[in-house]
Amino acid sequence: MTFEDWMRQSKLSESSIKKYDGAIKGIMTDWALEANLISGSLISISSLIQFKEISSSMQGLNIFKTRNDTGHGMYKSALSKYEEYLSLGFNSDIEDDIDSILGSDNLNDTEKKQLIKARIGQGKFRKELISKWQKCSVTGYTDVSFLVASHIKPWSASNNTERLDPFNGLLLVANIDRAFDKGFITFDLNGKIVISEQLKDPEKLGIYDSMSVLLDDKHMSYMDFHRKEVFRNT
């Protein structure tokens, strides 16, 4: 469930939803970028601890204090709402994403089934990744029963076409999938792994800086999004 959808479910007014969502995605992301607090968007942060640290630093910025005062506390309220959203775990809730698919009036039954299976890493999306890769995209491990169909551009940030696009996916062993999904690793333009400084003792997870993945041109826009919006580059 997206931040915007969660606020709507929480019965906030549409004007508040627009203000808070716009502030997090827009002007406050700009302030945080200019202060070198983050390297991507605030909306991409999924760690509550990380967000609290960034939020605390941001509230010490002169521009935040000034604009928050003139905005009658709106910016601080937006940070509090996003912190609450993260604390409840709605940013990665598979069940809510599935409920959203089932409740959509713009999808037929076949499309709903395809999206639900893609969300849980099954169905056509997984089969196409297995057909393309036949093994872990990074480690080369060949028993596909152990492999996860992982989206490059996160489900929450993708449209329905992107959610089913096999070029928006990698086939990964679970430890690599988890680190990639949470932004602790990404891959550069040449497919070489980039490990976040926030990932402590990556070798203990079987993650090494010699790793790489063979990327197609059609992967590039998705991986560019992952590098800019998901990777923990702070």
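Phe-3, Phe-51, Tyr-82 and Tyr-85 form one aromatic cluster. Rings of Phe, Tyr and Trp (its six-membered ring) are paired if their centres lie within 6.5 Å; planes under 30 degrees apart count as stacked, over 60 as edge-to-face and the rest as tilted. The model is predicted, so local features need pLDDT of at least 70 and side-chain atom pairs count only at pLDDT 80 or more, whereas totals for chains, interfaces and linings use all residues. Residues are numbered from 1 along each chain as its sequence is written, and side-chain values use heavy atoms, with hydrogens and water left out.

By the ring rule, the count comes to eight aromatic pairs. In one of them, the rings of Phe-3 and Tyr-82 have centres 4.9 Å apart and planes at 85 degrees, so this pair is edge-to-face. Phe-3 lies in helix 1 (residues 3-9) and Tyr-82 in helix 6, so the pair ties together parts that are 79 residues apart in sequence. Helices (H or I, at least four residues) and strands (E, at least two) are DSSP runs, numbered from the N terminus. Phe-3 counts as buried at 3% relative accessibility, and Tyr-82 counts as buried at 1%. Buried means under 20% relative accessible area, exposed over 50%, and partly exposed in between (1.4 Å probe, protein chains only).

Trp-31 and Tyr-75 form a tilted pair, 5.1 Å centre to centre with 55 degrees between the planes. Trp-31 is in helix 3 and Tyr-75 in helix 6, so parts that are 44 residues apart in sequence are tied together by this pair. Trp-31 is buried at 3% relative accessibility, and Tyr-75 is buried at 9%.

Phe-3 is also a partner of Tyr-20, a residue of helix 2 (residues 14-25). Tyr-20 is buried, with 14% relative accessibility. Leaving aside neighbours within four places in sequence, the contacts of Tyr-20 (heavy atoms within 4.5 Å) are Phe-3, Met-7, Leu-12, Met-74, Ser-77, Ala-78 and Lys-81. Tyr-20 and Ser-80 are 60 residues apart in sequence and 9.7 Å apart in space, C-alpha to C-alpha.

Phe-51, from the aromatic cluster, belongs to helix 4 (residues 48-58), where Gln-50, Phe-51, Ile-54, Ser-55 and Met-58 are buried. These residues cover an arc of only 130 degrees around the axis, which puts them on the same side of helix 4; the arc is that of the directions from the helix axis to the C-beta atoms. Ile-49, Glu-53 and Ser-56 are exposed on the other side of helix 4. The cover over the buried residues of helix 4 includes helix 3 (27-34), helix 5 (62-70) and helix 6 (74-87).

A nonpolar core is a set of buried Ala, Val, Leu, Ile, Met, Phe, Trp, Tyr and Cys residues joined through side-chain atoms within 4.5 Å. The largest such core has 32 residues, of which Val-138, Leu-170, Ile-176, Phe-180, Ile-185 and Phe-187 touch the most other members. Strand 2 supplies the largest share of this core, four residues. Apart from this core lies another, of 26 residues, among them Ala-23, Met-28, Ile-45 and Tyr-82.

Phe-187 is in contact with Arg-227, whose place is in helix 12. Arg-227 is buried, with a relative accessible area of 19%.
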